Amino acid sequence: MKMVLKDEAAQVAFGEVLGRALEWHGCVFLEGDLGAGKTTLSRGVLKAFGYTGAVKSPTYTLVEPYDFGAYQVHHFDLYRLADPEELEFIGARELLDGTALNLIEWPSRGEGWLPVADVIVTLSVIEEGRQAELEAFSKHGEATLIRLSRLWCNEEADS
Ligand SMILES: Nc1ncnc2c1ncn2[C@@H]1O[C@H](COP(=O)(O)OP(=O)(O)OP(=O)(O)O)[C@@H](O)[C@H]1O
Ligand SMILES: [Mg+2]
């Protein structure tokens, strides 16, 4: 599925709907160039959990964990990852193996080490804002996209 997100607010709103459609778990790869809106989308996903604080890119720490009690979100930014082995050292295996929702910016840096994504979101800069293209790679991902298209239609109708 493909959609146009006309401004930052739409990007956040879409992330929020994505978080709900994922039913609070799964693995999402966020593809797209520098400034494509991956962190902004992540901020929306975290908003779905009720989080409204600052979301900074964990560029140097590689991952920022968020604990919501019953749910966990792990926001990865692998831009500066030199060697996937580094992920082993920071205990990322354990984070990725659990039942959390994992958002991974720059997944290509961890290729061969990361699990298969449920959903891959590819963001690109367009004249009217950002384009988001979503693809499912698991049963959970497929179900997520079905829920997402329904939720997003309602969201757009309301705005
Ligand atoms: N749909 C949109 N329309 C217009 N501007 C947007 C949209 N989404 C995000 N932006 C803006 O794009 C800029 C970069 O966003 P963001 O930091 O989320 O990108 P990123 O993909 O995470 O970049 P990086 O690869 O550096 O981590 C921000 O200033 C943000 O406000
Ligand atoms: Mg970012």
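**Exercise 1.** Which of the 17 residues around ligand 1 come nearest?

*Solution.* Start with the model itself: it is predicted. Now look at the residues around ligand 1. The ones that come nearest are E8, K38, T39, T40 and R130.

**Exercise 2.** Find polar contacts of ligand 1 with G37, K38 and T40.

*Solution.* Use the cut-off first: a pair of N or O atoms must lie within 3.5 Å. Take G37. A polar atom of its backbone is 2.9 Å from an oxygen atom of ligand 1. Next comes K38. Here an N or O atom of the side chain lies 2.7 Å from a ligand oxygen. Finish with T40. Its side chain places an N or O atom 2.6 Å from an oxygen of ligand 1. Then turn to area. Ligand 1 exposes 650 Å² when taken alone, and the protein buries 73% of that.

**Exercise 3.** Describe the site of ligand 1 and its shell.

*Solution.* Step one is the site: ligand 1 takes the space of the largest pocket. Step two is the elements. Two or more residues of the shell come from each of α1 (8–21), α2 (38–48) and β7 (129–136). The largest share, 3 residues, belongs to α2. Step three is residue type. The shell holds 7 charged, 6 polar and 4 nonpolar residues.

**Exercise 4.** How many helices and strands are in the chain, and in which order do the elements run?

*Solution.* Count first: the chain has 5 helices and 7 strands. Then read from the N terminus: β-α-β-α-β-β-α-α-β-β-β-α.

**Exercise 5.** Compare the radius of gyration of the chain with that of a compact globule.

*Solution.* A compact globule of 159 residues would have a radius of gyration near 15 Å. The chain has 15 Å, so the two agree. Along the principal axes they fill a box of roughly 45 × 35 × 30 Å.

Terms used. Residues numbered from 1 in each chain as written. Chains lettered and ligands numbered in written order. Predicted model: local features only at pLDDT ≥ 70, side-chain atom pairs only at ≥ 80, totals over all residues. Heavy atoms only, no water. Near = heavy atom within 4 Å. Polar contact = N/O pair within 3.5 Å; in protein donor to acceptor, adjacent residues only side chain to side chain. Areas by Shrake-Rupley, 256 points an atom, 1.4 Å probe, with all protein chains shown as cover. 1 Å grid on protein atoms, 1.4 Å probe; cavity = no way out; pocket = protein on both sides within 12 Å on 5 of 7 lines; lining within 4 Å. Sits in = over half its atoms within 2 Å of the grid points. Helix = DSSP H or I, 4+ residues; strand = E, 2+ residues; numbered from the N terminus. Nonpolar A, V, L, I, M, F, W, Y, C, P; charged D, E, K, R; others polar. Rg over C-alpha atoms; globule rule 2.2 N^0.38 Å.
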